Amino acid sequence: MLLPIFAIAQNREITGIVKDSKGAPVIGATVKEKGVANLTSTDVNGKFVIALKKNTGVLVISEVGYITKEVSVGSSTSISIVLDEDVNKLNEVVVVGYGAVKKSDLTGSVSSIKSGDLNLGGSVSNVGQAIQGKAAGVLVQQTNFAPGGGIAITIRGGNSINASNEPLYVIDGFISDYGNLINPNDIADIQILKDASATAIYGSRGANGVVLITTKKGTPGQVSIDADVSNGWQYDTYKPALLTGQQYTDIQNATAIEDGKSAPYGSGFAPANTNWLQSAIQTATVDNRSISVSSNNKDSKIYASVNYLNQVGVLKNTDFQKYSARMGAEKNLNENIKLGANFYGSSSIADLQSYTGDITAPIFGLLVAPPNVPVYKPDGSFNIFYNPQTGGNGNPIYSLLSATNNTQNKFGNGNIYLDYSLLKNLTYHVSAGAEYNQTIAGQYSPNNSAEGLTNPGMATDQWYSTFRWLVENYFTYKFNIHKDHDFTILLGNSNQKDIDQGIGAGSQGYSTNEFLFYNLTAGSIANSPTSYRVQTTGTDYYTRINYAFKDKLLATFTLRDDGSSRFGPKNSHGIFPSGAIAYKLGEDDFIKNLNTFSDLKIRVGYGITGNDRIPQSTAYLSTFSPWNTVLAPGGPLQVGIEPASLPNPALKWESTAQFDAGLDMGFFDGRITATLDVYRKTTSNLLLNVPVGNWWGANSEIVNAGSVRNQGVELGINTVNVKSASFSWTSSFNAAYNKQTCLSLAPGISAIYSNTANPSGTVSGAQFTKLAVGQELGEFYGYKYEGVIKTGENYAPEPNAKPGDPKYADLNGDGAITPADQTYLGNTNPHYTAALGNNFSYKGFGLNVFFQGAFDYDLYNMNALVLESTTGAAALNRFVPGVNENTNIPREGYFLSQYGGYVNSRFVQNASYVRLKTASFSYTIPSSVFTKTPFIRGLTIYAEGQNLLTFTGYKGTDPEENVHQGQALNASGGYSGSNITGGLDFGGFPAFRTYIIGLKLSVH
């Protein structure tokens, strides 16, 4: 008789409800029977049901943000449980390089971003967009607003002139060059390592900061299926004031007559009235679909998801589609062995155009096309006409719609790992992974478009791929001495191999447009093909010691030895050390007696990190290029090669030494938390091209020389303003300041310059940035604009100037306008950034409002420069002798004057802004609605707006526009670009505003 009774006791069903201290239900809390693999989770009302397997009757209830609680059931069959909030969350575990620590035990500068705090939805397709404004000191710039366009991320200012300033991405322990591309909806949390004590464990790759991404692994309890479906609409926000067809005709005729020429448009000319830009703009749509399946129990976790994003560009023929899938799993084989795997794959196709800031960009053609010319002929065909601004025949609408610029990308990475507890406090971790990225880009310009008229029809086809395998091994040993001294020692090894390869071909002279880029032999003229293959390897060793004395005094010391084939044998290895000390003052009596802090910790750290992401991975070797010549008069052409660059076997890594001091503070029992950091980092051994005598066979050589310093302050504040059973309000604020200074350049180099693109088809690019010792990277350099020469004015520095010509300041006072009168005009890097977010919830309603801004920086508005003297409405206020002389706009622009230049202070504009980045409103339908469908766990409908309002004095495309981006990873797997050429607003993709509606459904 006892056995059946005992069996009944073991399978006793317990019902219950879990609430917080205010009486609100805790949704999704894990309810686990202690000592056995038996658990469930609470529903949207905080309720749960669990059948006990043992007669001990102890339940363990846990949920993120709450203190875990154990409850003895006794003889009860129904219980009510209250969880206390863990407001300060100091016991939260934070992922760091090759391990994890409690947040309260951090000694370095780390910013944490949870999945619920990311910018998600709409056209957000990469990690950079998801974290913009979410962490102090992390600058995210949209270098290209086109669908699938680029993002630049800089942490605590750029360190390098010619090497990449992009951070390192580590996804679930796998080091990736393409971590920015993963689906943001799959992210559980992001840790951004900013100071050297946190990043030195990554050695030669940690100088620019590290972005650690942990993907989702499933929620505890039953199998859960979650879907997020949204539709959005996007509207162009760039609407420059343009001339009508009649106004343009009148101005062109008047200017010609003023110059003593005949009017180009006769009295019988009937001007059209075409707004070319608006003819190319459309209301765009963006569709985002995500679905995931997850499960999490005692011994295993699994998460699988798929995502579909379809974005139609606001500029016609600029669509973007992306499919992605992820799977992550963990399995505890026994008490000592855990096995895990992560896989991610994506496929995208983009109808991209060129937005690199030159006259080939479709935006340029649309802006400068004469508005007195129609788009179509009377028969409906495209009107092909000559445009003096582009220097050729064409039609910008036809060029936009007819051009084929198809870019297909296939990306995938994955890793498997094993954690094995060898002894009580000794664990071994091994992981092996691979990553593959392939880009196929095909372009074709029809034989009757502007680009294809010179050589009828132009086609190119390019294929790039990168492959990486990575194996990591490390041991972690934890031990304690006399209870007060806790040690954690890490010792590891990393082995990596990268293969970058590609091929490109092209032809021109097509008799038909039918082949596009799929039949290059149909072109009558073949372009020279290109191909390459580069292989690099790395073997690294690293160690870290974490020490804690009575959980108050904390210390972290790391050392990494990196070996890389990117540098010559003399410097193939680099040593990167770091150390940090922290002290928790919150428990000291003198701090307690202040009655101010609920938590207080001070941190100090110093370390050295490196940067091996150089433009040429074989820069220490001599490279060769084809050279064909005739050795004797009348002899045959001999095919050969010649050195293209000089070798430098002494080439080594750029290295960054950084000091950081920080305070972590809590007030009012953790309702307010704040982090304050000050830092100073100096990068030396910069990779620079130094001029050499041509007798060496080349005119420059890459050497290590020069240094750059960044220093600044960061502040982050999080507050729980109101927390009640029905209403809550939380806020987050962050702000940062960074000042950059060039400390030295290479011997023989006094300055480094960069040029704009050509502002028209007949005018060449001009110098617009200058880097010299004492200046910042990317400072504008040009002439100070003083207005226009008035009638009867005798301006001595410009003796041959005519009324209406531009007037420039004679800064050196020598009585002449020369290049010596150029000066620094502005800075392209924001000195200040800030963001403010507020979350409100009332019963089932939710409201999120997020502002983000950047301050104290400038852009060169080259669009305004071009429009002012061509098709812009500003031309109506141009100088006209005796008619309109009270103006600062020249009679015929800036290109024809023999004095000064078009890079001048008139078009260097303050781009500081504050933007309502996102505002979202949601409503979660009460669970009582689903009493007849209990499998529905939750249903939320929401509406969101992105880039809703922008407060700025900038008059260009957008204050975030930056078509001349810095060093970044390109499609071929290499690093290209320059970090001193930013801040150019010319021909970029139009900015847009997005409105979204969607719903989230969760079932189990």
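How do the residues of the lining of the largest cavity divide into nonpolar, polar and charged? They divide into 5 nonpolar, 14 polar and 2 charged. Here Ala, Val, Leu, Ile, Met, Phe, Trp, Tyr, Cys and Pro count as nonpolar, Asp, Glu, Lys and Arg as charged, and the others, Gly among them, as polar.

## Basis

This is a predicted model; local features need pLDDT of at least 70, side-chain atom pairs count only at pLDDT 80 or more, and totals for chains, interfaces and linings use all residues. Residues are numbered from 1 along each chain as its sequence is written, and side-chain values use heavy atoms, leaving out hydrogens and water.

## Cavities

The whole structure holds 9 cavities of 30 Å³ or more. A cavity is a set of points on a 1 Å grid over the protein atoms alone where a 1.4 Å probe fits but cannot get out; lining residues have an atom within 4 Å of a point. The largest has about 290 Å³ of space. Of its 21 lining residues, S123, Q129, Q142, K917 and N947 are closest to the centre.

The second largest cavity has about 200 Å³. Its lining has 18 residues, with R205, Q496, D498, R566 and D612 nearest the centre. By class, 2 are nonpolar, 7 polar and 9 charged.

## N159

N159 is buried, with a relative accessible area of 1%; buried means under 20% (1.4 Å probe, protein chains only). The side chain of N159 makes polar contacts with the side chains of N208 (3.0 Å) and K681 (3.0 Å). A polar contact is a pair of N or O atoms within 3.5 Å, where one must be able to donate a hydrogen and the other to accept it.

Methods
Buried < 20%, exposed > 50% of the residue type's maximum accessible area, 1.4 Å probe, protein only. 1 Å grid on protein atoms, 1.4 Å probe; cavity = no way out; pocket = protein on both sides within 12 Å on 5 of 7 lines; lining within 4 Å. Points joined across faces, edges and corners; volume = space filled by probe spheres on them.
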